Amino acid sequence: MKMRTTTRTGAALLLVALLASACSRMGDEPVPYGASGGYSGGDALGGAGGIGTGALPGGGTLPGTSISDRVLFSVDQSTLAPQAIGILDAQIGWLRSNPTLPILIEGHADERGTTEYNLALGSSRASAVRNYMVSQGVPDSRISIITYGRERPVATCADESCFAQNRRAVTVVTGGTGA
Amino acid sequence: MVDRFRRNLLIGVPAALASRPFAALAQAPLRIEITEGVVEPMPFAVPAFVPDGGAAAQLAGQITQVVIDDLAGTGLFREVPAAAHISKVASFDAPIAFADWKAINAQALITGAVGVSGDRATVRFRLWDVFAQAPLGEGLQFDGSTANWRRLAHKVADQVYSRLTGESGYFDSRVAFIAASGPKEARRKQLGIMDFDGANPVMLTDGSALVLTPRLSADARRVLFTSYASGAPKVMMLEGGGKARTVIADASGMTFAPRFSPDGRRVVYSRTVGTGADLFVGDIGGRSETQLTRGSSINTSPSFSPDGNRIVFESDRGGTQQLYVMSAAGGEASRISFGDGRYATPIWSPRGDLIAFTKISGGRFHIGVMRADGSGEKLLTGSYIDEGPTWAPNGRVLMFYREAPGASGGPQIYSVDITGRNLRQVPTQGFASEPSWSGLLS
């Protein structure tokens with residue numbers, strides 16, 4: 001059974017800030033995330049205060065924590081940006097302290113690509129997250145992946161502010177809550 | 001006289017152009033004028049088919065209307081409405097008063113009769129060349145169950161279309177599609193099948209599991225699709241009226257984007273491999289599969305050539321989505337798309353001459369066609385999302401889906417002539433996407 005918490009606190013604020021910085025630089029061409037955005041990895045909550053307000057639609061956290069459950073991607077890309085690595089490192093820390101819980105990585109795409117291609121792209125994004133976690137010592141056997149392509153957006157407006165939120169890989173804890 | 005008449009009709013009917021190679025379309029000046037200019041649809045009249053007995057009265061009227069709708073819906077023909085008719089046709093075998101039809105400029109006249117016996121219906125029809133005052137082809141008769149009366153009408157319309165254009169028709173055909181409802185964040189999707197004109201829709205899945213990318217077999221008896229019923233997406237197949245359910249290939253990874261081989265025995269599809277996706281082909285119901293592409297890139301949306309020898313597909317191996325053609329046995333692939341933007345969902349025409357595709361360029365999605373070697377690219381439509389073309393059985397018309405932007409936007413199915421004219425929405429009850437057109441039914 002899928003479990004998701006409804007905790008949307010600091011991590012959500014952080015993501016809003018990251019999105020705000022990312023949006024201004026994203027056009028039709030893929031643009032890598034830069035070092036700006038007030039976050040440099042390690043602590044998923046670091047430095048978010050005062051940057052932005054408002055809830056991120058669908059944004060969640062790992063159970064009992066304020067660790068973001070998702071990483072975002074550039075247009076048509078499945079490489080992990082520095083911000084994404086930081087969030088994944090926090091997730092991996094949590095996975096180490098909850099070593100029995102299996103997880104499902106959901107890969108998603110925005111609606112500016114075709115259905116079938118986006119299924120593959122969502123899989124690429126989920127695979128990239130899995131590969132990174134495995135490279136950091138998380139047992140492959142704990143991790144399942146699934147792609148939803150563009151079928152399950154969290155934001156539905158027709159501009160980059162929504163597309164950016166939909167280009168995501170979400171870590172879902174599929175066992176008990178563990179915290 | 002018939003020869004002259006036909007020639008005159010053909011000049012005004014762009015459908016006949018497809019009997020020439022696509023190259024001639026693009027290069028012969030006269031043809032370009034005909035194709036691109038304003039074409040006056042050919043006027044035709046269909047006096048109400050004569051009921052053979054009172055039991056057939058209602059059905060005769062319904063069949064008449066479907067014949068009219070089929071022909072007028074092509075954009076190639078224009079109905080001269082019954083209110084303008086001078087003559088009435090009271091008997092199927094009565095002499096035709098050609099002068100009366102000539103006076104209202106009905107160049108083609110279709111007369112018919114409908115009989116009903118129990119749950120069986122019979123339709124007879126004749127096509128007349130009004131100005132030549134002669135029949136155009138033999139009279140024909142179709143029999144079927146009254147429940148399938150629309151098919152009887154489509155059969156008549158296909159015959160008329162074929163005789164007037166020199167092309168086979170496409171009306172007696174079906175379309176698999178995805179019916180969608182609910183909010184955009186959690187769309188409920190069902191696999192459906194309907195007649196080409198949107199009539200007789202039937203849902204084949206209950207909406208409990210997400211379903212995508214249906215592909216209908218040429219005989220409309222089987223449909224491949226991508227299903228989340230078992231968790232991650234898998235290629236599945238429905239046949240036998242939606243009862244049987246067979247997993248095509250069940251192994252590692254996720255499978256999606258299936259398509260039948262022309263003989264209907266094999267299926268080609270994508271399987272996720274590592275961070276990419278590769279193409280595989282396998283026998284339907286079999287356990288073995290053959291890997292056709294290898295690499296870390298995304299390879300998907302495969303489509304066989306009609307002779308089964310080649311496969312066109314999309315790949316981002318060169319950096320962005322482009323179209324490639326390879327042998328159906330795999331191996332080296334040749335890139336065929338070179339324009340600006342990204343190319344996706346290539347579908348080989350049943351004629352073999354053209355490949356239809358989705359193109360993403362300038363922030364818009366387009367439906368286009370190109371020759372099988374990639375030359376002669378032509379965009380037919382464009383909007384926020386225009387995607388997923390599928391060919392009419394005669395290779396003259398495409399269906400695709402168009403999705404409006406925003407939270408309240410949803411997809412609808414459209415059809416368009418390969419000249420880019422006659423854009424029409426296919427009526428569906430709610431949101432509908434991902435059409436897949438069968439062949440002409442027998």
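Let's start with chain A. Of its contacts with a separation of 6 or more, 77% join residues 24 or more positions apart. Keep in mind that this is a predicted model.

What is chain A built from? It has four helices and four strands. Read from the N terminus, the order is α-β-α-β-α-β-α-β. So much for the elements; now burial. Chain A has 179 residues, and 50% of them are buried.

Next, the partner. How many residues of chain A are in contact with chain B? The count is 24 residues of chain A, in contact with 33 residues of chain B. Which elements of chain A give two or more residues to that side? They are α3, residues 115–135, and β3, residues 143–149. The largest share comes from α3(A), with 11 residues. By residue type, the side of chain A that touches chain B divides into 10 nonpolar, nine polar and five charged residues.

Now, confidence. The predictor gives the complex an ipTM of 0.89. The pTM is 0.85. For chain B, the mean pLDDT is 89. In that chain, 89% of the residues reach 70 or more.

One stretch of chain B needs a separate word. Where does the pLDDT fall below 50? Look at residues 1–38 of chain B. In the model, this stretch still has 54 contacts beyond near neighbours in sequence.

To recap: on the side of chain A that touches chain B, α3(A) gives the largest share, and residues 1–38 of chain B have a pLDDT below 50.

Note on methods: Residues are numbered from 1 along each chain as its sequence is written. Chains are lettered from A and ligands numbered from 1 in the order in which they are written. This is a predicted model: local features need pLDDT of at least 70, side-chain atom pairs count only at pLDDT 80 or more; totals for chains, interfaces and linings use all residues. A residue is buried if 20 or more other C-beta atoms lie within 10 Å of its own, exposed if 12 or fewer, and partly exposed in between; C-beta atoms are placed from the backbone. Two residues are in contact if their C-beta atoms, placed from the backbone, lie within 7 Å. Ala, Val, Leu, Ile, Met, Phe, Trp, Tyr, Cys and Pro count as nonpolar, Asp, Glu, Lys and Arg as charged, and the others, Gly among them, as polar. pLDDT is the predictor's confidence in each residue, from 0 to 100.
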